There are 2 protein chains.
Amino acid sequence: MPTKWVYRFDEVDLAEKKMKTWEGVRALLGGKGANLAEMTRIGVPVPPGFTITTEACNAYLAKKSKFPEGMWEQTLRALKATEAASGKKFGDPKNPLLVSCRSGSKFSMPGMMDTVLNIGLDDETAQGMIALTKNERFVYDAYRRLIQMYGTVVMGLEHRPFADALEAAKAKAGTIEDSKLSSADLKELVKTFKAIVKKHAGRDFPTDPIEQLRLATEAVFRSWNGKRAVDYRNAAKIAHNLGTAVNIVTMVFGNMGDDCATGVAMTRSGNTGEKAIEGDYLTNAQGEDVVAGIRLTKPIEELAKEMPKAYNEFAKICKRLEKHYRNMQDVEFTIERGKLWMLQTRDGKRTAQAEVRIAVDMAEEKLITQKEAVLRVKPEQVDFYLHPQFDAKAKKAATKVATGLNVSPGAAVGQIAFTADLAEKWAKEEKKQVIMVRPETGPSDVHGMLAANGILTSKGGRTSHAALVARQFGKPAVVGVAALDVDTDGHKMTVGGKVYKEGDWLSIDGTTGEVFTGQVPTVVPDLSDPYLSKLLGWADKSRRLQVWANADYPRDAERARKFGAQGIGLCRTEHMFFETERLPIVQQMILAETLSDKEAAAKQRDEALAKLLPFQRLEFEGLFRAMDGLPVIIRLIDPPMHEFLPSHDSLIQEVTELRITGKDAKKLAEKEKMLAAVEMMREANPMLGLRGVRLGIHIPELTKMQVRAIIEAACKCTKDGVDVHPEIMIPLTSHVNELKVQQTALEEVAQQVMKEQGTKVAYKFGTMIEIPRAALTAGEIAEYAQFFSFGTNDLTQTTFGISRDDAEKNFLVEYTDRKILPENPFASIDEDGVGKLMAMAVKDGRKTRPNLEIGICGEHGGDPQSVWFCHKIGLNYVSCSPYRIPIARLAAAQAALGSKNEDK
Amino acid sequence: MPTKWVYRFDEVDLAEKKMKTWEGVRALLGGKGANLAEMTRIGVPVPPGFTITTEACNAYLAKKSKFPEGMWEQTLRALKATEAASGKKFGDPKNPLLVSCRSGSKFSMPGMMDTVLNIGLDDETAQGMIALTKNERFVYDAYRRLIQMYGTVVMGLEHRPFADALEAAKAKAGTIEDSKLSSADLKELVKTFKAIVKKHAGRDFPTDPIEQLRLATEAVFRSWNGKRAVDYRNAAKIAHNLGTAVNIVTMVFGNMGDDCATGVAMTRSGNTGEKAIEGDYLTNAQGEDVVAGIRLTKPIEELAKEMPKAYNEFAKICKRLEKHYRNMQDVEFTIERGKLWMLQTRDGKRTAQAEVRIAVDMAEEKLITQKEAVLRVKPEQVDFYLHPQFDAKAKKAATKVATGLNVSPGAAVGQIAFTADLAEKWAKEEKKQVIMVRPETGPSDVHGMLAANGILTSKGGRTSHAALVARQFGKPAVVGVAALDVDTDGHKMTVGGKVYKEGDWLSIDGTTGEVFTGQVPTVVPDLSDPYLSKLLGWADKSRRLQVWANADYPRDAERARKFGAQGIGLCRTEHMFFETERLPIVQQMILAETLSDKEAAAKQRDEALAKLLPFQRLEFEGLFRAMDGLPVIIRLIDPPMHEFLPSHDSLIQEVTELRITGKDAKKLAEKEKMLAAVEMMREANPMLGLRGVRLGIHIPELTKMQVRAIIEAACKCTKDGVDVHPEIMIPLTSHVNELKVQQTALEEVAQQVMKEQGTKVAYKFGTMIEIPRAALTAGEIAEYAQFFSFGTNDLTQTTFGISRDDAEKNFLVEYTDRKILPENPFASIDEDGVGKLMAMAVKDGRKTRPNLEIGICGEHGGDPQSVWFCHKIGLNYVSCSPYRIPIARLAAAQAALGSKNEDK
């Protein structure tokens, strides 16, 4: 059988091999084509038409822009069928069929590829249309639109001459609204537009409708590889080999008169998730007028009053589509002379809040199950709840300059940039905070939007380009701020009579739609949203993996517990050493190491340690109290000593200066002493140097002091009735003997302290697994360690032989840009390499000690993809920063439910 | 059955469970006891006696110095049997039995543990002995020896008072020889020695022979844990839990008159391996006089003339023992009134040359097989052939000051140290080259001998302590230099009327016995020894593993090929960049990277590369010609760029100085520019930074130039009829995509060059496996790489998370000293960790590409233990420095023959 390249909406057979899954249908017909066919199948009013498959697109692109064999013949056959269904005829001046030609790939890429409307109009059919519709104005309007789209999309001409001609026509007619142009004005414009095509393209606008269709189809195919589309796919991580389908659909017109309308809507709020149709429409207009945000749209509620019959049908269809797709739908419709046509449906884009609320509501409406609700929300989306919000007090005091539509939540602060290029340059090269300000946005602005902290536009609605993109990429955005006058050419904007220049500071609140001058301080909100709480509750019922937190201070531990932490997986004890009042004591201890008189050195060191002990004890006590009843893993000192000392470079400079000037001999002596100490501690590769357990073995008094502080604090809390579960973690182990030596020495201290205190504490000793050799010999290491905690930051560094600090400023960026590394291994666990080591360690460790507690405390612990992996290899918990806990809870649940919730 | 703690020499039953293997017999009875029993069994004349087992020793030490139950009763029973066999009675004044009490552990530890002779003498039995022997002088001599030994060994007194008393007696008698002391002198000395014991020990010398025996036995047991013994075991890597046996043997006397003699001998030369008995003896002397090197001994050849009957029997026994033990024997004998007694036999210590020659000779005599010969020589021993020798010309010109015995071959140059402690301090702490000079050496000198480059003594013979130890540890040594007067107290020595002080330079030739003043230049000899060649020839027939060489220059390659290299496993191309004339060009290239004008940068870089190309091509050509017909692996540039630039520290200092003084603005500008460049290239952890393939991807022009040079050289050689096998190696790969990108780009260059040259070259592309992730994903990497080469230096660094440079100066030393790491993983492959990764990589790599060529080019390639491991995991070759090739050849053969040749 020859390849079937073309499917009519009414002939899609779900039994066909490629169509067996919805995934397959979408892959072949694109999301839009699949939905048009599906809507047709379930009886929703859709204009007759057909889809040319993505396979045809790929074949076309592979064959250097030649249609695959049979495709065009099948297209012409489907066109015939469409003629039959619509009762019209393509190119027939008497009863002409007009069609649209639209792209549609597997994943929605709004505005990124090309569309041509009104194909089939030429001078002859235009006359036929006028005869049929008795509406010359409408026909010339459609005709001039076709020529303009054709010129720009198919022939690749600039927009500008067309826009200028339109403006000139309006100026001549003394109006600023398109709809006020008369039939004659438009007829004149058709001529002008044709002349523009002739002048800029060097050839005539084609008057053969079949030729129009063929060239439009090719243009859509080609647009798959257009720069805009490629950039978008890179940003959205969509594969480049999917191809786009082409949908040829009978034109229906929302601009045939006042009984016509066109609009877009979501079946629930894409912003809040509220269960109410939300949308915009325009009377007597064509679809792209709504999306482009050029004309001020009307909210969908008004349609109920304006065209109650059509609206009621529309509302019923919305409900039906939701039930059918089991998801909130983003629909496009047109009312042609009172008759409702659905032009598109697809799962609606939404904010994180909306995603959560819709999932929870739909589960409670029994449209979906609770598990589906849990699987539906991407863990990254929960991140939105943790986006900064403005500090309430500061916001009250701030100067509000305007309010617009709150289309993408969160607070953003930055310096104004009026072009995408500048926004990108400032953010990437100069590390500036940027708010990108535009009258409206289009596909060519996406790179700037991605680079900016937030987006502000003076035009556009809830479904404008700016709103859709901002929501998808989680950028706070306020759009449609009518009070705002943006002068991009002049690099300034005016609002409330005040002028703002490029580089001025602005603060925008995407949650409320407010715009402020200057920098308003932000805070991170708590997770009190009731829908989120409900969803996370359901998630907790599903997951096996516990979620712990990395917390160094009691206040972090308290917050973590509020967010659902089931333990502390990492308390970095050295952070306590860096505090201003303690640093000199720590330096005293370190400098002791450099004394040649061993007795004096020991004295100086022990004095310093004695001073540090009460600080450490107090903070451990706070942690234990905050985590009453839950485990607390405390890691013994990890970083190399020189981190606590002044920098070598600055010391060399100071010493050289003091030597030459010879002014301050005392200071020179001091600095020289410090320099000598720093040089003693200096290492060629500190990452691989004297730190972690190596330090503990080298200066046993230091870790002994820490264990004393831990056990003393634990005993004190126990006496106060607190349920304490301290777990002492030894970092950087690479050989079992290190553990043997260090742990044995520290166990003695623990036992000694408990004897002194007359109290028993159930403590554990364990180790980080952050060196490849530790993972490779986990079986031996588990003979001593009662728990493992993967330190995947260091494990990634050593497994890759990559120093993170160095690499992220040079070749790692190049590597991820060029896809030499599929992704940054410091963001998501490298499963093939680092993950392989982890899986080995889990297996071998548990072979030695079946009840070995294993977790992860590297930054990956809060990364959903990594959480999934941790679930898969059987960890007991992931430990992450307190703010990542909700994300980890959800990711852990999804892992347990057996889906990555990845639809790419 | 109660434990049998004591075995008579004539009752050892090889059928007994513990005795089933010779290993077992030696473990239980010690080497000496086992050999005495074995000699008894095969009919060699051995004085009657018995052995108390090593198990008894361990039980004694474990029980806090209490004999295990039944041991002493068994000892007394065995003593009775010895009385019966000898026809004498212990403690019987009429016919007293005297015995020796000697240590003897599984492995020979000469002089490290204690011995007491003449046990059984007291005032009464002495009179009985005099009556029996009619030799009062001999008896008092024996008696004073017993008291002295007893006092020092059993009671732990200083040697000094005894020695002083002996000197005083000799002075009084007007002689300098012990043998000139009269019976009356010795009788007086017995009294003096008893008084010394009473005075220093606070108690009397025990006169009960049974008490003497018991205390002596305990002293020998205790001496197992004496400091000397423990130090020796640490140095010789002998386990500490073996324990020593105690051999109680009927005394026979070499000092009963002029028909008596005592001596030690080797059945072949321990120095050269020549097949001729080699030894020293003394007439009318006791055994320790020979070993201690105090009296000037006679060569064994003279015994043939002096006591031909005894000598003939001795020579026959030597042959018999060699045949029985299938090895060269080190024997002790005593002739008592014309009757020959063998007191000990054991495998003789020997130099590397002797080991090789003996193994080869014995194989040709059919005493052993060729395979046994190959297995018998330790690979490390071959290292001796590579010890420096003096440059022949320089030696001729040098000032020879004396000649002594050439007891341990090789040339050594160093500064004189007269004490072991100083030798150790200088060598270890101050990294000085040291020659340790002593009148003679004893066990307390071993630590100094180990630290020194060479050993020089004025006294002692071929079997003196100094000679034995030097030979075992491969230190060049010259002993018995009679012309030398060493004044240790005065810290000077006199030879040929000239005085040398501590710290003066000396050069000694252990191969010839010559001593020179000053520093004579040394050279490394070639491997022309015919015995070694034969042995290595046999080894080559047995091994599966090929041996390749690491060689950067044509001259290295030529030498390597002479030593038997079957390919070049590593040519480090960057070494060519460091040469003085090229470094400025390399810097020009690097500095280009820092220019902001990209076009100018490219120009500057390309110019520099064009200059470097001919240098590289020329050297590759040389390599290919040297290795005609064999593979040559060339590694593309590996180190980070900043290694080619001046140091950051010195630049900061210079710039600071220039800024303050403000004198030389031009120089300041230059230095500032260089500093900026260095800072751009600077990394926190360069080991984990922008180097290897990362550099190749970052600056593709650099590696492209290198590949061009390689292929151009290969084409040129091919045209000249040279059989060229270039293999291009990409370093530091961690992800298969790196290889994909780099290899693809370089293959293009290779193809392009071959096209230009009109010649085909069969090249390969492959990669280092030196990053854990590469080993973990070897299956994927083998899809591109046609060969793997393990870079175990870097792989060890990353697998352990240890920076070698830093670690070897701090914690790694501590770790190996404290046995936290069983050995330095940079010396021998860490099989549990690094080795596990290697084994995985071999398995996974070959799964993808069954004919994958795999080798190792880290320093481990020349380490015998690591070679064994490489054989085990199935590598194709090991590549090592040219001088290690013979070692690797032998180790590879032994690995194939299934033995590590480890007898510890």
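At 11% relative accessibility, Asp794(A) counts as buried (buried means under 20% relative accessible area, exposed over 50%, and partly exposed in between, with a 1.4 Å probe and protein chains only). This is a predicted model, so local features need pLDDT of at least 70 and side-chain atom pairs count only at pLDDT 80 or more, while totals for chains, interfaces and linings use all residues. Residues are numbered from 1 along each chain as its sequence is written, chains are lettered from A and ligands numbered from 1 in the order in which they are written, and side-chain values use heavy atoms, with hydrogens and water left out.

Back to Asp794(A): it forms a salt bridge with Arg691(A), and the closest N and O atoms sit 2.7 Å apart (a salt bridge is a side-chain nitrogen of Lys or Arg within 4 Å of a carboxyl oxygen of Asp or Glu). The two partners come from distant parts of the chain, 103 residues apart: Asp794(A) is in helix α31 (residues 792–800) of chain A, and Arg691(A) is in the loop between α25 (665–681) and α26 (693–698) of chain A. Helices (H or I, at least four residues) and strands (E, at least two) are DSSP runs, numbered from the N terminus. Arg691(A) is buried too, at 6% relative accessibility.

Over all chains, the structure holds 123 salt bridges. Another one pairs Glu574(A) with Arg635(A), with 2.9 Å between the closest N and O atoms. Glu574(A) lies in the loop between β27 (568–572) and α22 (583–592) of chain A and Arg635(A) in strand β28 (residues 631–635) of chain A, so this pair ties together parts that are 61 residues apart in sequence. Both ends are tucked away: Glu574(A) is buried at 5%, and Arg635(A) is buried at 7%.

Six salt bridges cross between chain A and chain B. Asp844(A) and Lys836(B) form a salt bridge, their closest N and O atoms being 3.5 Å apart.

What about disulfides? The count over all chains comes to zero (a disulfide is a pair of cysteine sulfur atoms within 2.5 Å). Take Cys57(A): the closest cysteine sulfur, in Cys101(A), is 12 Å from its own, too far for a bond. Cys57(A) is also buried, with a relative accessible area of 0%. In chain B, Cys857(B) is in no disulfide either, and the nearest cysteine sulfur, that of Cys870(B), is 11 Å away. Cys857(B) is buried as well, at 5%.
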